Amino acid sequence: MGKLLSLLLLVLVVIPGRAQNVDESAYQRYINTGAYQQMLPGYWVQGNKKTEAKIKYVPPVEFQDPAVPLIVDKGKGEETLPKAKIDGFMLDNHIFVPEDLGDSVVWVMVEREGAIRETIYFTPVPGRNPAYYKVNHLVTNTTTHEGYFVGSLAINFNKIMANLTKDNPEIAGKVANRAQGYRFIDYKKIIAEYNLWFQNKYPKRLKYIGEMPDFQELIDNDVSKYLPKNE
């Protein structure tokens, strides 16, 4: 997906009308609203350097904005840290990284790191002084920077996911041919399988901000749904 199309999908998928039925509390599974404006233990990463400090916990509309700096305290008082100077940060057991959406960059919450990264973008509703946030899941190939909202994957899934995994012809071929275990319902397993292959083939290429996920466990857990049930 080209950058312009990626940005178009952001507009079409992330900003639907208020008339739809939405669980207005769903975002609170990820966002600790009770911690707003509190200084919490965390760290940020710059290249190979990891710096531990307290970081102010702010609403998504602020942490997603690349122009809003982090407020940090390394032990000598609060100071600002421009997001442009770091590669990512960890706060309240969640990792945040910049995501290129085409003509703009936003910071997103990481669900799972890997060569194909799974992240969350929180859409403020309304845009100013939001009452709640809509939860939007994304998948991005971190090598090609090609990304999609999960809601759009169901349309032409076999073509889209085959392209995201094309440097592994075996996985891409199964996806393109709609093999069992390689359809939209299996997208998390497909991503884990691709990420495991990528990590084994290029063990030094990726820099994980948190712990590397257990990709094999993710695959095994998902495959179990196809095993015969004991009567």
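In this predicted model, the side chain of Q199 reaches the backbone oxygen of P203 at 3.2 Å. Q199 lies in helix α6. Its relative accessible area is 12%, under the 20% limit, so Q199 counts as buried. Beyond residues up to four places away in sequence, Q199 touches L206, Y208 and M212.

Helix α6 spans residues 187–201 and packs with helix α7, residues 215–223. Two packed helices are described by the angle between their axes and the distance between the axes. For α6 and α7, the angle is about 150° and the axes are 8 Å apart. Angles over 145 degrees count as roughly antiparallel, and α6 and α7 are therefore roughly antiparallel to each other. Their crossing is left-handed. On the α6 side, the contact is made by K189, A192, E193, N195 and L196. On the α7 side, F215, Q216, L218, I219, D222 and V223 take part. The residues of this contact divide into six nonpolar, two polar and three charged. Among the α6 residues in the contact are K189 and E193, and among those of α7 are L218 and I219.

At the level of the whole chain, the secondary structure comes to seven helices and 10 strands. The chain has 231 residues, of which 45% count as buried. Contacts were also sorted by sequence separation. Among those between residues at least 6 apart in sequence, 48% join residues at least 24 apart.

Strand β7, residues 105–112, contains V110. The relative accessibility of V110 is 9%. With the limit for buried residues at 20%, V110 therefore counts as buried. Leaving aside residues up to four places away in sequence, V110 touches I95, V97, R117, E118 and T119. V110 is also 6.9 Å from H94, C-alpha to C-alpha. The sequence separation of V110 and H94 is 16 residues. Of the residues touched by V110, I95 and V97 fall within the range of β6 (94–100), while R117, E118 and T119 fall within the range of β8 (116–125).

Several loops hold backbone features of note. The peptide bond from V125 to P126 is cis, with omega near -10°. P126 is found in the loop between β8 (116–125) and β9 (132–141). Two residues other than glycine have positive phi values, Q37 and D92. For Q37, phi is about 70°. Q37 is placed in the loop between α1 (3–14) and β1 (39–46). Its relative accessible area is 43%. This value lies between the limits of 20% and 50%, so Q37 is partly exposed. For D92, phi is near 55°. D92 lies in the loop between β5 (88–91) and β6 (94–100). At 26% relative accessibility, D92 also counts as partly exposed.

Methods. Residues are numbered from 1 along each chain as its sequence is written. This is a predicted model: local features need pLDDT of at least 70, side-chain atom pairs count only at pLDDT 80 or more; totals for chains, interfaces and linings use all residues. Side-chain values use heavy atoms; hydrogens and water are left out. Axes are lines fitted to C-alpha atoms, for helices over the stretch in contact, and angles run from 0 to 180 degrees between N-to-C directions. Helices (H or I, at least four residues) and strands (E, at least two) are DSSP runs, numbered from the N terminus. Angles under 35 degrees count as roughly parallel, over 145 as roughly antiparallel, 65 to 115 as roughly perpendicular and the rest as oblique. A crossing is left-handed if the near helix is turned anticlockwise from the far one by less than a right angle, and right-handed if clockwise. Contact means heavy atoms within 4.5 Å. Ala, Val, Leu, Ile, Met, Phe, Trp, Tyr, Cys and Pro count as nonpolar, Asp, Glu, Lys and Arg as charged, and the others, Gly among them, as polar. Buried means under 20% relative accessible area, exposed over 50%, partly exposed in between (1.4 Å probe, protein chains only). A polar contact is a pair of N or O atoms within 3.5 Å; within protein, one must be able to donate a hydrogen and the other to accept it, and residues adjacent in sequence count only if both atoms are side-chain atoms.
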